[in-house]
Amino acid sequence: MGNDIALALVIITALAFDFTNGFHDTANAMATSIATRALSPRIAVGLSAVLNLVGAFLSLSVAATIASGLVDTGLVTLTTVFAGLCGAIVWNLVTWLFGIPSSSSHALIGGVIGAMLAAAGSHAVKWQGLVSKVIIPAVLSPFIAGLIATAGTYLVYRISRSMHESSRSAGFRIGQIGSASMVSLAHGTNDAQKTMGVITLGLIANGTLAAGATTPSWVVVSCALTIAAGTYMGGWRVIRTLGKGLVEIESPQGFAAESSSAAVILLSTHFGYSLSTTQVATGSIMGCGLGKKGGEVRWIVAGRMATAWVITLPSAGAMGAVSYYIANGIGGTAGFVVGLILLVAISAAIWAKSRATRVSPANVNSEWKGSVAPSEPTATGRAA
Amino acid sequence: MSQWIDYKAVWEIVVIGLLAGAGLPALFAIGMRAIALPGKGHPRESDELFGGNPLDIAVAALCFAVVLAAVGFGIYIIVASGHK
């Protein structure tokens, strides 16, 4: 039988990842609504949190999807799951510090694969599954979402061009709230599932659950609550980059972008493609910049994001592998405890660094001048 | 279907995605335009943004009803695909 203390530490780490997943991805649904002031920042993250919670309960069947088809599940151990999660959390925090909307799913997949490579070698990874289920959808989805958002933005502006400016902003703000809500709901159904799958995988690896068992309801409830809490925290740095940095957004554009994101995410879920909500949302926001006459996409920001997307899998993988060597090198329960202490220390250091250029609901919409750090410095210690 | 890419699924996502992700916003815009009061280019007399004759309101109601029905169907897809 397994090691219950190690199992408990793995579950804590998995929930910590779920929390970072929540705040890293709030931007996907709400960045545009916050940027156009369709919703106040606090109300936007609150609404998104509630809808993520509801979404996590709506769709309950898919357990361990993140692992099956990507790694040899027979070779998964508690240590590899733990190391993969540590790698994913660190990468999510680093990208958040820089305000980059990278994929939480890729961080998780990369971390687990890196740990598996370190533990069992190349045969533990199903490379074809990785390419066809993760890499190809990741390359295609931003372009598809961007195309749809470009078409939607063009049509919406063409149809509404005779409208008075104030009627138009007011009307499309209502539409924006609806479409952003759909994206939040879809996010809850997708991303909370991933952590549920990882915890189930840990329970099976520990022998607590029989292979093929369904996800216990306490796992569903705790993952749903954690991702909602993370969402409510609001990843203001990422929200700022997506809402203000990439494109200057008006409410018809935000509406078209979120509609495209919602359509692509829901259709892919329907066809069994698990893809990154973040990459779809980013593609859509770029599309809404291209579809408006005189609209402008800041390609420097877009290029920085694309670079981060490419290096997410290998970077999270490298961190997962290092975590594995540390936890496995020390061995036993002590390995997990030391790993967790290191993880907390690194997270605290990143958080402390973020305080120097704090982004909060008060300054998230400040004018974009080339960096995540808002133009009005908040490092004076009197940040809102 | 290739070993690497499911072209059929990609094709369907693009076509249905355009209908739902760009078509529905366009329909919403048509509904919005039908009931938006004029006033472009000059100041308006009142703060009212929306109104119009019964025909305009009926057109708008139809557009919004189709959009809402599609959203409902989208939620149904999430729930159904989660309980296969």
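Helices, in what follows, are DSSP runs of H or I with at least four residues, numbered from the N terminus. The model on screen is a predicted one.

Begin by selecting residues 78–97 of chain A, which form helix 3, a run of 20 residues that reaches 29 Å from its first C-alpha to its last, close to the 28 Å expected at 1.5 Å a residue. Then step just past helix 3 of chain A to Gly99(A), where the backbone takes a positive phi of about 70 degrees.

Next, select residues 4–35 and residues 277–291 of chain A, which are helix 1 and helix 10, and look along the place where their axes come within 8 Å and cross at roughly 25 degrees. Because angles under 35 degrees count as roughly parallel, helix 1 of chain A is roughly parallel to helix 10 of chain A. The crossing of these two helices of chain A is left-handed. To see the contact itself, display Asp25(A), Asn28(A) and Thr32(A) on helix 1 of chain A, together with Thr277(A), Thr278(A), Ala281(A) and Ile285(A) on helix 10 of chain A. Sorted by class, the residues of this contact are two nonpolar, four polar and one charged.

Finally, move to chain B, which has two helices and zero strands. Of the 84 residues in chain B, 26% are buried, and among the contacts in chain B with a separation of 6 or more, 52% join residues 24 or more positions apart.

Conventions
Residues are numbered from 1 along each chain as its sequence is written. Chains are lettered from A and ligands numbered from 1 in the order in which they are written. This is a predicted model: local features need pLDDT of at least 70, side-chain atom pairs count only at pLDDT 80 or more; totals for chains, interfaces and linings use all residues. The expected span of a helix is 1.5 Å times one less than its number of residues. A residue is buried if 20 or more other C-beta atoms lie within 10 Å of its own, exposed if 12 or fewer, and partly exposed in between; C-beta atoms are placed from the backbone. Two residues are in contact if their C-beta atoms, placed from the backbone, lie within 7 Å. Axes are lines fitted to C-alpha atoms, for helices over the stretch in contact, and angles run from 0 to 180 degrees between N-to-C directions. Angles under 35 degrees count as roughly parallel, over 145 as roughly antiparallel, 65 to 115 as roughly perpendicular and the rest as oblique. A crossing is left-handed if the near helix is turned anticlockwise from the far one by less than a right angle, and right-handed if clockwise. Ala, Val, Leu, Ile, Met, Phe, Trp, Tyr, Cys and Pro count as nonpolar, Asp, Glu, Lys and Arg as charged, and the others, Gly among them, as polar.
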